[in-house]
Amino acid sequence: MTQESIRRSNASYSNMYGRVNQNMTHERMKVYFCTDLDKSVLVNNFEKRGWSQVSADDDWNFYWAGVQTCRNIFSVDSGYRMNDNQMINHFPNHYELSRKDLLVKNIKRYRKDLERDGNPLAEKTDVNWSGGGCSTRYLYLDFIPVTFVLPADYNMFVEEYRKNPQSTWIMKPCGKSQGAGIFLINKLSKLKKWSREAKGAFHPQIAKESYVISRYIDNPLLIGGKKFDLRLYVLVTSFRPLKAYLFKQGFCRFCTVKYDTSMTELDNMYVHLTNVSVQKHGGEYNSLHGGKWSVQNLALYLEGTRGKEVTDRLFGAISWLIVHSLRAVAPVMASDRHCFECYGYDIIIDNNLKPWLVEVNASPSLTSTTVTDRILKYKLIDNILSVVLPPDGVPDVRWNKIPSADALGNFELLIDEELAAQEEAQNSQQNKNSKSMGGNRWK
Amino acid sequence: MEELQDASIHHTAAKLINTIKTLKNYEPLYENVQKLVCSPSVDRNDMCNTLEEAIKNAGLETEIRNIIFHLVRSKLKPEEKPSQININDPLAYLKRAGVQWDRRVRKSLNAMCSELKMASQGQPRISTDRDELLSKWDELSNYTIDLANYRPVYAPKDILDVLLSLKGPTKAAENTEFVQVPKWEFSHISLPVKNLFELRNHYSDLLRTESYAGSSDMNLQCQRVLESKHAPLCQHLLRKGNTPAPYRGALWSFVLGSHVNSFDIEHWNRLKANVLATDHIVDKLVFKDIQLTASNDDQYFVFEDVLYQVLLCFSRDTEIAQMIQFEHYPIKGKSYEAPPSGVVPFHGICMFAATFCYLFDSPINLYFTFRAFYIRYCHRLTTINTHPQGIVSICLLFEKLLQTHEPQLWSHFRELQIQPIRVVFKWLMRAFSGHLPPDQLLVLWDLILGFDSLEILSIFAIIILSFRKESLMQVNSLDSIEAILADLSSVQVLPLVQLALSRD
Ligand SMILES: Nc1ncnc2c1ncn2[C@@H]1O[C@H](COP(=O)(O)OP(=O)(O)OP(=O)(O)O)[C@@H](O)[C@H]1O
């Protein structure tokens, strides 16, 4: 559809995409919401459900909070105790997943634990580099690029670096986002020089900031010659048992400039970083499509040009990656029943159609860059609400958090350990495996 | 009678044989047959039978059958010579309009050339420009040219205005009493169009229950049919309307006979060389068109660079001009130069090619299938012509269906004095490209190819109007009507078409 036609139609989109439960006949509890973010995609959705806005100091039932507010509410000092009819959109320690260094730490620990338990998932294999070096990788759990935290893991990094000195690495400050402070490195000397110039950035005692350094995916899948990453939305309603849903309408974010690995382009961030915030400043940014292409179109294109098998395998691997990243943090997450969270997963696909997890955002942007984007985000919020709320639409933590198929909207079930356990119990006589891992239902 | 038929078969066969000899694939085919003749499996004493057997075994028979299939579909249509024009032909005015339209379009292209001081046949490209174009061939979005002075030669609205102003031979006497009775915009045109009953017959395969076969079954069928390499079988399979995406490109190539041979690669390279060597005004128009449409479209922008290549080469392809069937009618006045392809680019031409980006990765494969599709279908939609599936017939069909099957909507439009064709014309002329989401567009085009007919476009336009009838009945302005029809993102082609054709 052309942007022009979307624009003309958007006058009516709010009623076309709504999924409100319209049975207002019986008297029910009035729902009060509070939000730190004054975004129309949020407020319109709340108001469509007949909710009323209140301030944070009033009695609210549903709070769309910033991460800081959420942390404050849960902090011991606040003395705030939530009642059964209250829900909030973050887990108090979401950073276990969303901070670059902690994500890596948790995944490394998860793999070690599985390995220690002799779990077959933790099987390893050797990778031989063209230069003669050799590294060990997990066979099934190798879904994040090799990453080290600097300055802490500097020596380990150097050791890995020497195994394959031709490779390029990407440095990212742990605490920043939107591409800030990111640069590429293809010589150890450049890293040392940077460390010197940043005045002791790597000195463990005086370093203000820690960094992660990851192997740069230098063979990304290119479409139309351009690099892109995937932004997928994952809704978690509980970590123990793990209950997670994947929104089917993710999108690809494209770089505006042709991908080019020649060294002259190493500093051109428009080539390497797919963040919209970075691309927006590039001269070629198109505000009609915003460089965003739907995941459905990606799947259609891949099936048409590469075949069904590899496409299914790719999307299967993406679900796999998400589930295991969540399992990796599940033990350390404060799985409070009042909480749910919608994560923005950033994934890069390489030219072997293998997905790599780049980053997880706990507050994915709700700003809409295009009309299609606004429709998508409106629907995302609507669907989140219908999954996290009990059928009567009133927040209630005593509810079993098993939404009906109808309530899922555009979400598909990734995993529900509780349901899986029930199913397993039922099927144990028949010796059937549970089907908790959803298949490829992306279209 | 039988004799007559016999004679005509012989005539056709003779014509076929002569045409086959002019084809590019004749030489390699002939060589292969020669090789077979020398092979031990062919017996000199029983040449006829053993050679036939050997041809079958080597898979050449299918190839020959496919060649004939494509010839019969396209090249052997009786061509009208300008001299044969019959003055009593009720369609004469339409043919004249077609020729005049073509001339008008070429004339404005030429006017643009002289305004911008460019040679209408193109001029040698200056070497710096050629070098830049060559080095950026794979990333033409980075090839910067100033396009401020270029505008599309024509847009759907222009051709629609001409269509609506077409005046047939006046039937003055009959009509005088009925001046109050609104006339159909196209009803005076005596082109034959099908009624719903005939359409149901034509599309009966879509209503077969077996067409609901499971998808794994369909995958298997696709594999088998593709292995057989049989073009008619491929075409038949597309009629089910549930072609799995992975097989679509291959099936379409068979139906359109657009598999890439080595001579096609050479041809493509020549086209590319020609683009690099000459600077033609159509290059600018191609760039402008892509920038106005595909580059801004969130379904297609990623394919921008491929589209530049494909459409630039398209503009240089003189084979297109040879294969397209133009209207013939003697008109007086000056004739004007056309681009080498014979096709003057119009607003949105690249959207026809864009669809193929979901099927082919390589520009060459994309090119030849797109080209074949363009020649067979798109050309009929974008020029004024008397073809039974040309845009005029498609509009007429739309109107008749609307009046017969949606009389309420028809009167509603009447009361508002809005010509219904106005709201659907852009869909029809672009065969819904850019209007339907790609996955659904591909299904619609499967049906075009499967049934070898553009009539599905009129049917589908009606379906959408019926589907949104309630909302349409409630609004009173063109703008609100267009707003209701703007977003087709939730439309599912196959179930709607099946429903519409099966309903009484
Ligand atoms: N290992 C990698 N290999 C290749 N490209 C990468 C890699 N890591 C990051 N990138 C690119 O850099 C971009 C920014 O990375 P990342 O998302 O980790 O940073 P950020 O600053 O936190 O961005 P944001 O918060 O906006 O998502 C990614 O979108 C991706 O295009």
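**Close-up views of a predicted two-chain model**

View 1. A:Lys39 is partly exposed, at a relative accessible area of 25% (buried is under 20%, exposed over 50%, partly exposed in between, with a 1.4 Å probe and protein chains only). The model is predicted, so local features need pLDDT of at least 70 and side-chain atom pairs pLDDT 80 or more, while totals for chains, interfaces and linings use all residues. Residues are numbered from 1 along each chain as its sequence is written, chains are lettered from A and ligands numbered from 1 in the order written, and side-chain values use heavy atoms, without hydrogens and water. A:Lys39 sits in the loop between strand 1 (32-35) and helix 3 (40-48) of chain A; helices (H or I, at least four residues) and strands (E, at least two) are DSSP runs numbered from the N terminus. Beyond its neighbours within four places in sequence, A:Lys39 contacts A:Leu366 and A:Thr367 (heavy atoms within 4.5 Å). A:Thr367 is 328 residues from A:Lys39 in sequence, yet their C-alpha atoms are 7.6 Å apart.

View 2. B:Glu304 belongs to helix 16 (residues 304-315) of chain B. This residue is buried and has no salt bridge (a side-chain nitrogen of Lys or Arg within 4 Å of a carboxyl oxygen of Asp or Glu). A:Lys226, the nearest side chain of opposite charge, is 4.3 Å away. The side chains of B:Glu304 and B:Tyr308 form a polar contact of 3.0 Å (N or O atoms within 3.5 Å, one able to donate a hydrogen and the other to accept it; residues adjacent in sequence count only if both atoms are side-chain atoms). Leaving out residues up to four places away in sequence, B:Glu304 touches A:Lys226, B:Ser141, B:Ile290 and B:Ser295.

**View 3. Two cis peptide bonds in chain A.** Most peptide bonds are trans. The bond joining A:Leu150 and A:Pro151 is cis, with omega about 5 degrees; A:Pro151 lies in the loop between strand 7 (147-150) and helix 7 (154-163). From A:Arg240 to A:Pro241 the bond is also cis, omega being near 0 degrees, and A:Pro241 is in the loop between strand 12 (226-239) and strand 13 (242-247).

View 4. A:Leu353 has a positive phi of about 60 degrees and counts as buried, at 10% relative accessibility. Its loop runs between strand 16 (341-349) and strand 17 (355-361) of chain A. For B:Lys229, phi is near 60 degrees; this residue is partly exposed at 48%, in the loop between helix 11 (215-228) and helix 12 (231-238) of chain B.

Technical notes:
Lys and Arg count as positive and Asp and Glu as negative; His and the chain ends are not counted.
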